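Here are my notes on the model, as promised. Have it open while you read, and go through the points in order.

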Amino acid sequence: MPTPSNTLRGDAVVLRYGKTAVVHGASITLRPGHVTALVGPNGSGKSTLLRALARLHRVDGGHLTLNDQPVSMLNARQFAREVTLFSQSRPAPHGLTVREVVAFGRHPHRRGFAGPSAADRQAIGRAMALTGVHDMGDRAVGELSGGEMQRVWLAACLAQETGVVLLDEPTNHLDLRYQIETLDLVRDLAVEHGVAVGIVLHDLDHAARVADTLVLLRAGHIHASGDPLAVLTAEHIGEVYDIRVEVSVDARTGRLRIDPVGRHSARLRIPSGENPA
């Protein structure tokens with residue numbers, strides 16, 4: 001995979017649905033080799049902001065730039081060569097194989113009606129290998145489960161080989177193994193390939209695991225932004241999600257642990273002195 005170097009920036013972005021503002025003056029920067037995770041409750045504006053960065057939602061205030069150039073100066077093909085979006089709302093196309101769907105990601109790089117080039121085939125193969133769908137390349141997508149289709153669309157995005165990758169809930173519908181493998185893949189994109197990654201996640205533990213920078217949204221405003229340890233505090237999470245949580249750092253792994261405190265939380269506790277194994 002080529003090593004890209006793109007910076008996508010949104011400054012004081014205002015977004016609306018009709019006359020109702022849903023994002024209020026949000027600023028965000030996606031840098032090469034860096035994972036930025038957007039988190040917040042339903043309706044906080046995180047997916048809308050991600051779609052705006054992908055030029056799929058009108059910007060009513062502020063501006064977007066790619067490498068300090070207004071994105072409005074790029075045509076659709078030029079933009080698609082630099083930025084790709086993985087969204088949850090893609091339908092499963094009928095009558096196509098997995099490999100043919102992954103090949104959709106190469107369209108911005110093709111000229112006219114030319115067939116796939118050697119570079120296209122290599123990019124498609126790499127993307128399928130990275131997402132674990134290589135062995136199902138000849139299967140009809142109509143035979144796939146929701147989780148398998150999720151990985152096929154992710155492969156199509158990676159085949160695009162852009163410098164900026166935007167991901168909206170990529171771990172939804174995946175079992176535990178593929179959730180973790182997807183998060184590892186996101187880290188690989190940033191660390192090994194220098195990609196600027198923006199990712200929307202509901203799971204705060206996943207966000208803490210994968211992100212270099214975490215953006216916590218509340219009702220369309222950025223409530224906190226920065227290092228995950230500084231953002232995912234009990235105070236911040238309680239204010240945004242309106243629930244009491246306990247936050248700690250695992251002494252052995254150094255990982256953040258977030259435990260929501262519900263009415264029945266006590267019954268799940270291991271009695272003192274007992275071995276959980």
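1. Start with Asp 138 and Arg 99, which form a salt bridge whose closest N and O atoms are 2.9 Å apart. The two sit 39 residues apart in the chain, Asp 138 in the loop between helix H4 (118-130) and helix H5 (146-159) and Arg 99 in helix H3 (residues 98-102). Asp 138 is exposed at 67% relative accessibility, while Arg 99 is partly exposed at 32%.

2. A word on what you're looking at: this is a predicted model, where local features need pLDDT of at least 70 and side-chain atom pairs count only at pLDDT 80 or more, though totals for chains, interfaces and linings use all residues. Residues are numbered from 1 along each chain as its sequence is written, and side-chain values use heavy atoms, with hydrogens and water left out.

3. Now the cut-offs. A salt bridge here is a side-chain nitrogen of Lys or Arg within 4 Å of a carboxyl oxygen of Asp or Glu, and by that rule there are nine. Buried is under 20% relative accessible area, exposed is over 50%, and partly exposed is in between (1.4 Å probe, protein chains only). Helices (H or I, at least four residues) and strands (E, at least two) are DSSP runs, numbered from the N terminus.

4. Which residues does Arg 106 touch, leaving aside its neighbours within four places in sequence? Its contacts (heavy atoms within 4.5 Å) are Ala 119, Asp 120, Ala 123, Ile 124, Ala 159, Gln 160 and Glu 161. Arg 106 is found in the loop between H3 and H4 and is buried, with a relative accessible area of 5%.

5. Through shared partners, salt bridges join Arg 106, Asp 120, Arg 126 and Glu 161 into one network.

6. For aromatics, the structure holds one pair. Phe 104 and Trp 153 are tilted, 6.3 Å centre to centre with 35 degrees between the planes. Phe 104 is in the loop between H3 and H4 and Trp 153 in helix H5, so the pair ties together parts 49 residues apart in sequence. The rule: rings of Phe, Tyr and Trp (its six-membered ring) pair if their centres lie within 6.5 Å, and planes under 30 degrees apart count as stacked, over 60 as edge-to-face and the rest as tilted. Phe 104 is partly exposed at 33%, whereas Trp 153 is buried at 11%.
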